[in-house]
Structure formats: structure tokens, C-alpha cells
Amino acid sequence: MLKHRPDPDLTPRFATALLAAAAAGAISGFAAAHVLGANSLQQLVPALLIAAVVAMGVLAVGAFLIAVRVQPDTVERLAGHLLWVVFVLAALPGLTWLVLWLSDGDPRSLYGLAAIVLGALPLLAARRWPARLPLTVALCLVPAVLPLVLWHRLFLLAPISAAVTGGWVLVLALLGYARHRTPKNVVPSN
């Protein structure tokens with residue numbers, strides 16, 4: 001499913017979309033923090049949430065601009081690249097959480113380990129069971145959406161959750177687009 005044929009156009013295009021998303025997220029996050037007067041963590045979290053939503057929106061637009069210009073197998077490779085981005089978005093905070101709480105011997109360190117495993121599951125499914133990738137991503141969405149639903153109890157996880165959820169929804173959309181896209185057959189005219 002996620003083939004690794006060289007496509008010289010995919011990597012620079014995806015990197016450009018990723019950089020544009022990061023820049024848009026950073027600018028919107030700084031603007032939101034300034035407007036909210038974020039001088040405490042409780043005021044910074046909504047600004048980070050806005051930054052995550054804007055960044056995922058820009059990345060979605062960039063990914064679909066790429067997807068309409070390439071073949072369906074390249075769209076699947078684009079989804080594979082996006083899986084790595086989502087893994088980093090889930091694993092880095094999870095690793096930080098794991099290290100911080102593990103040093104105290106606190107059982108809450110298992111939450112960090114769970115975030116790393118949850119971020120890695122779609123990558124494993126893409127390698128081992130490509131046909132099950134959409135189901136795996138959909139099942140991983142359930143715990144990823146939880147901090148957004150339980151906003152008041154899991155306040156600090158909402159920005160990371162929004163980014164991971166947006167990334168996995170984008171992966172599902174790209175895979176669906178690649179599967180339902182009809183190849184363009186050129187019929188010679190007489």
C-alpha cells in the first residue's frame with residue numbers, strides 16, 4: 001500500500017506544505033497568545049490549541065493541493081509521510097511525559113508510554129497490515145479525541161490531541177481520496 005518508489009516532486013512539496021503549516025501555526029499561536037494576554041499556562045493552552053488547528057488546516061490544504069496533481073499511489077505515500085509527522089507529534093510529548101514521571105517512579109509515566117505506542121500503531125499497521133491501516137487509524141482516533149471531549153479534565157493535552165487528531169483525520173481523508181480516485185485514461189481520438 002505505502003510503496004517507496006522515488007518521486008522527486010513529493011518530498012519538496014510535502015516539506016513546503018509542512019513548513020507553511022508550521023509557520024501558520026506559529027504565527028497564529030503568537031497572535032492568539034498576544035490577544036489572550038497569555039502570561040499563565042491556562043491562557044497559553046487555548047493559544048496553542050488555535051495554533052494546532054490552524055497548522056493542521058494549512059497542512060490539509062497543502063496535502064490536497066499535492067494530492068490532486070499526483071497518482072493515487074503517490075497520495076498513499078503522502079499519507080505515509082503524514083503518519084510519521086503524527087508519530088512525532090504524539091511521541092515527543094509522550095517521551096517527555098514518560099521521562100519526567102519515570103524519574104520519580106510515578107505510575108503516571110505510563111501515560112507517556114501509551115502516547116508513544118498509540119502514535120506508533122498506525123506506522124506498524126502501514127508496514128505489516130496495509131489493508132488494516134484505515135481501521136487502525138480510526139481506532140487510534142478514539143483516545144486521541146478524548147482530551148478534546150473532556151476539555152476541562154485534560155486541559156493540557158488538548159493542543160497535542162488536536163494536532164494528532166487532525167493529522168490522523170487527514171491521513172484517512174488522503175487514503176479515501178486515493179482509493180476512490182479514478183485513474184485518468186487517455187482515449188486516443190480518431
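Predicted model: local features only at pLDDT ≥ 70, side-chain atom pairs only at ≥ 80, totals over all residues.
Starting with the overall picture, the protein chain holds six helices and zero strands. Read from the N terminus on, its elements simply go α-α-α-α-α-α. The protein chain has 190 residues, and 38% of them count as buried. As for contacts in the protein chain with a separation of 6 or more, 72% come from residues 24 or more positions apart.

Turning to pairs of helices, two packed helices are described by the angle between their axes and the distance between the axes. Take helix 2 (residues 41–67) and helix 6 (residues 158–180) to begin with: their axes sit 8 Å apart, and the packing angle is about 15°. An angle under 35 degrees counts as roughly parallel, so helix 2 and helix 6 are roughly parallel to each other. Their crossing is right-handed. On the helix 2 side, the residues that meet helix 6 are Val45, Leu48, Leu49, Ala52, Met56, Leu59, Ala60, Ala63, Phe64 and Ala67. Helix 6 brings Ala158, Pro159, Ala162, Ala163, Gly166, Gly167, Leu170, Ala173, Leu174 and Tyr177 to this contact. Sorted by class, the contact of helix 2 with helix 6 comes out as 18 nonpolar and two polar residues, with no charged ones.

The next pair is helix 1 (residues 10–36) and helix 3 (residues 72–102), whose axes come within 11 Å and cross at roughly 45°. That angle makes helix 1 oblique to helix 3. Here, too, the crossing is right-handed. Helix 1 takes part through Leu10, Phe14 and Leu18, which meet Thr74, Arg77, Leu78, His81, Leu82 and Val85 in helix 3. By class, this contact of helix 1 with helix 3 has six nonpolar residues, along with two polar and one charged.

Is Thr136 buried or exposed? Its relative accessible area is 17%, and since buried means under 20%, Thr136 counts as buried. Once its neighbours within four places in sequence are set aside, Thr136 is in contact with Leu121, Pro122 and Ala125.

Terms used: Residues numbered from 1 in each chain as written. Heavy atoms only, no water. Axes fitted to C-alpha atoms, helices over the stretch in contact; angles between N-to-C directions. Helix = DSSP H or I, 4+ residues; strand = E, 2+ residues; numbered from the N terminus. Parallel < 35°, antiparallel > 145°, perpendicular 65-115°, else oblique. Left-handed = near helix turned anticlockwise from the far one by under 90°. Contact = heavy atoms within 4.5 Å. Nonpolar A, V, L, I, M, F, W, Y, C, P; charged D, E, K, R; others polar. Buried < 20%, exposed > 50% of the residue type's maximum accessible area, 1.4 Å probe, protein only.
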